[in-house]
Every structure is written in C-alpha cells, then in structure tokens.
Amino acid sequence: MRFLILCLTITFVFSHVQPDIRSGKVKSKGVNLGGWLVVEHWMTSSSVIWEGVPEYYHGYGEYGLMSYLGHNVGDDRFEKHRSEWITEQDIAELAQYGINTVRVSIGFWIAGFDKTGGSDWKVFAPNALKYLDMLIKNWAVKHNVAVLVQIHAAKGSQNGFDHSAPPAPGQSYWALYPENVRNTVDLAVFLAERYKYEIAFLGVGLLNEPSGTTDEATLKQYYLTAISEIRATGNDCILTVAPLIYQQDPDHFNDFALKETHIWQEWHKYLIWGYEDMNEDQILNIGIPGVQQQLDVWKGNPIFIGEWSIATTDNAPFYSEESFRSFGNKYRETITSAKGGWTYWTWKTSYDETQDITQRNAWSLRQLLRNGWFTI
C-alpha cells in the first residue's frame, strides 16, 4: 500500500508541466496576473484601494498610494484587494483554456526585509507574500500551471513608471545607488531559494522594463551577480534578463550570458508604442512581419515574450469581428515562434465586467477567451 501511494505521488509530481517548460520541451503559453501584487490604477480602478484617492495619486504607483492612505486604512484595503483580484478560480479558469504559465509581478517590499538597511519597504501594505505562496504552493500545483515571478518594482524604481512604485513620481533611482541594486540581488536570491523545490516554480524575471536613469553597465552587472549567486545554491530555475526597454532588438544582449543555462532573454512586444501612425494594413504587413524578422535573426539565449497584447491604436482599430480575430491569430502565431514562449498582458482589468460585450477589451485575455475572440 505504501509503495502504491508513493508511486501515485511521484507520477503526480512529474506530470506537472513546469519541468518541461524549464527544459525547453514545452513552450510557455501564458498570461500575466497584472494588478494583483503590484497595482496599477488604469487596470484596477474599481478596486477598494482607490476609493476616495485623489487623481494625483492614480499615476504615482503603490508607493504613492500607500503614502497617501497610511497603514491604518491602506493595509485592510490591500488585504481585500489581494484576496479578491486573483483567486484560485482564476487559475482554474485560465488553465481550462490551455494556459500553462502565469507571470506574476511583485515588488521589493514582498520580502519584508532590506539587508542594506533601508526602510522604504515598510511604506507598503504587508502580507503580499502569503498570496504568492498560495499561488506557487497550492493553486498552480493543483491546476498544472507554471509560475514565473517577475521583479516588477525594484527598490528606488528601475524606470520611474507607476508599475515600479517610484518613491517620487516619474523618477528612477535604482541604478544610482549601489544599495538599491544589492537589495534587488537579495530579493532575487530570496525568491529563488524560497521556491527552489516547489514543482510549479518556473523561475524569476530579474527586472521589468529597465529604463530612465538605469544604465546598461549597471544592469548587466546586476544580472551577472544575481545569476551567479542563485546558481551557487544549485538552483537551475529559469532566469529572465531584459535589456533597456528601448534596446529590445537583435543588436543588444545577443551575446550576453551565453555560457549560462536556463537564461531567457525577455522582450515586450506591443503594437502600440512606435506604431502610432500605422493603419490596419500596415500593422498586418509591416508591424507583425517586423517582429517576426527580429525573432528570426536573434542569435542569443531563447527569447521569452514576457508581455504582449493585441491592443492597438485608434489608427488600427480592427473593428470587424473577422478582422480582429484574423489579426489576433496572426500576431499570436508570430509571438509563438519565440523559443521561450510568451505571457499575454494581462488576465483581467477592472472594466471587464462593466464594458459592453461588443466593446472588445484587448488588454483582458479573460474577456477575449470568454467571448471567443481569441484562441490560445
């Protein structure tokens, strides 16, 4: 009887998709759990965390929001938000559509410490870590989904955008102070070590969309240090490295960390920024083929498209259902040629439930799948 139980347990563990994604046998076909453990107003505007908050703080990010709310109000609001924004039902639903990976954004405060002596992490609402634990140790195991943990908000902010929770609106200080970079190394090591033996844990995205005052030399040295310290523990999880946001092309990072194993080069490929003047035909015949060409000529570590969507500008609205589906399928096929696979941005937004069904919300993969406008 003991032998039978052991065999069943081993069969269950090794049937999880994560090891096959890590080894390259299966590509990631995933989605981002945006707005959950790092909030952005534009996609979570209906959440209780924003009730009565002045508009000034809407584009500030989580640091500004909690500075305004304070712990007496903010902690309870964030607890409610985190418990409701993503639940096990979401993981079960996305898995039913054939999604095999989730990329979850986290901020430096999730660890609950700063070995460099800083106190900025104390500004944020505590206890986000228990939800990440629940996702990786429970929900993702049960529903056969791999989890990539993405460092979306580094100490000091790596880009100044609201999703990086800058301490001052629009300002990025991450690369200007060595203690910020060291804190991010410590965070990456902490995450990799905490989930090292969890079957659903795919790896760590080492930094999201670096730009602003972040320079290439500091960025590359950070990656090399984090990779070295994580590998020194015997951990072979996937680690993604992203170039500066304006260097996501075949000419940058193509020779970086080639001797390392399980390193993915992360790009974000939206057909919006830089495509503002293109109409539908140009998006189809210039925009998408341009992305395909970049993927075809890339010579570095496997490309992982950590963010993309079929959202477009007003110049290329793809109003008809037929043209929208055709466009979405064509771009999905291109993105799928990335060797590491992809995760769509994002799973849901606040206006999924209130938007008229005829108004396609291309930012919400959940809505697209529920209404049959997109297939995995």
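Is V145 buried or exposed? This report takes up that question, and then turns to the strands, pockets and backbone of a predicted model.

**The setting of V145**

V145 has 0% relative accessibility and therefore counts as buried, since the limit for a buried residue is under 20%. V145 is placed in the loop that leads from α6 (129–142) to β3 (146–153).

Apart from its neighbours within four places in sequence, V145 is in contact with H16, I91, L94, A95, I99, N100, T101, V102, A140 and A200. By contrast, I288 is 143 residues from V145 in sequence, and the C-alpha atoms of the two are 28 Å apart in space.

Strand β1 (residues 28–32) runs parallel to β2 and is joined to it by 3 bridges. Within this pairing, V31 has V102 of β2 as its bridge partner. Strands β2 and β3 are also paired in the parallel sense, over 7 bridges. Here V102 has V147 of β3 as its bridge partner. Together, β2, α6 and β3 form a right-handed β-α-β unit.

**Helix α5**

Just after α5, G98 adopts a positive phi of about 100°.

The largest pocket holds about 320 Å³ of space. It is lined by 14 residues, and those closest to its centre are T312, P317, F324, R360 and A362. By class, this lining consists of 8 nonpolar, 4 polar and 2 charged residues.

The second largest pocket holds about 250 Å³ of space. Its lining also has 14 residues, with E40, W42, H163, E209 and W273 nearest the centre. In this case the lining is made up of 7 nonpolar, 3 polar and 4 charged residues.

**Backbone exceptions**

Most residues other than glycine have a negative phi, and most peptide bonds are trans. F253 has a positive phi, near 65°, and is located in the loop between β5 (238–241) and β6 (263–269). With 2% relative accessibility, F253 counts as buried. F318 also has a positive phi, near 50°, and lies in the loop between β7 (303–308) and α10 (321–336). At 1% relative accessibility, F318 counts as buried as well.

The peptide bond from W345 to T346 is cis, with an omega near 5°. T346 belongs to the loop between β8 (341–344) and α11.

Key:
Residues numbered from 1 in each chain as written. Predicted model: local features only at pLDDT ≥ 70, side-chain atom pairs only at ≥ 80, totals over all residues. Heavy atoms only, no water. Helix = DSSP H or I, 4+ residues; strand = E, 2+ residues; numbered from the N terminus. Buried < 20%, exposed > 50% of the residue type's maximum accessible area, 1.4 Å probe, protein only. Contact = heavy atoms within 4.5 Å. 1 Å grid on protein atoms, 1.4 Å probe; cavity = no way out; pocket = protein on both sides within 12 Å on 5 of 7 lines; lining within 4 Å. Points joined across faces, edges and corners; volume = space filled by probe spheres on them. Nonpolar A, V, L, I, M, F, W, Y, C, P; charged D, E, K, R; others polar. Pairing = 2+ DSSP bridges. Right-handed = clockwise from strand over helix to strand, strands pointing away.
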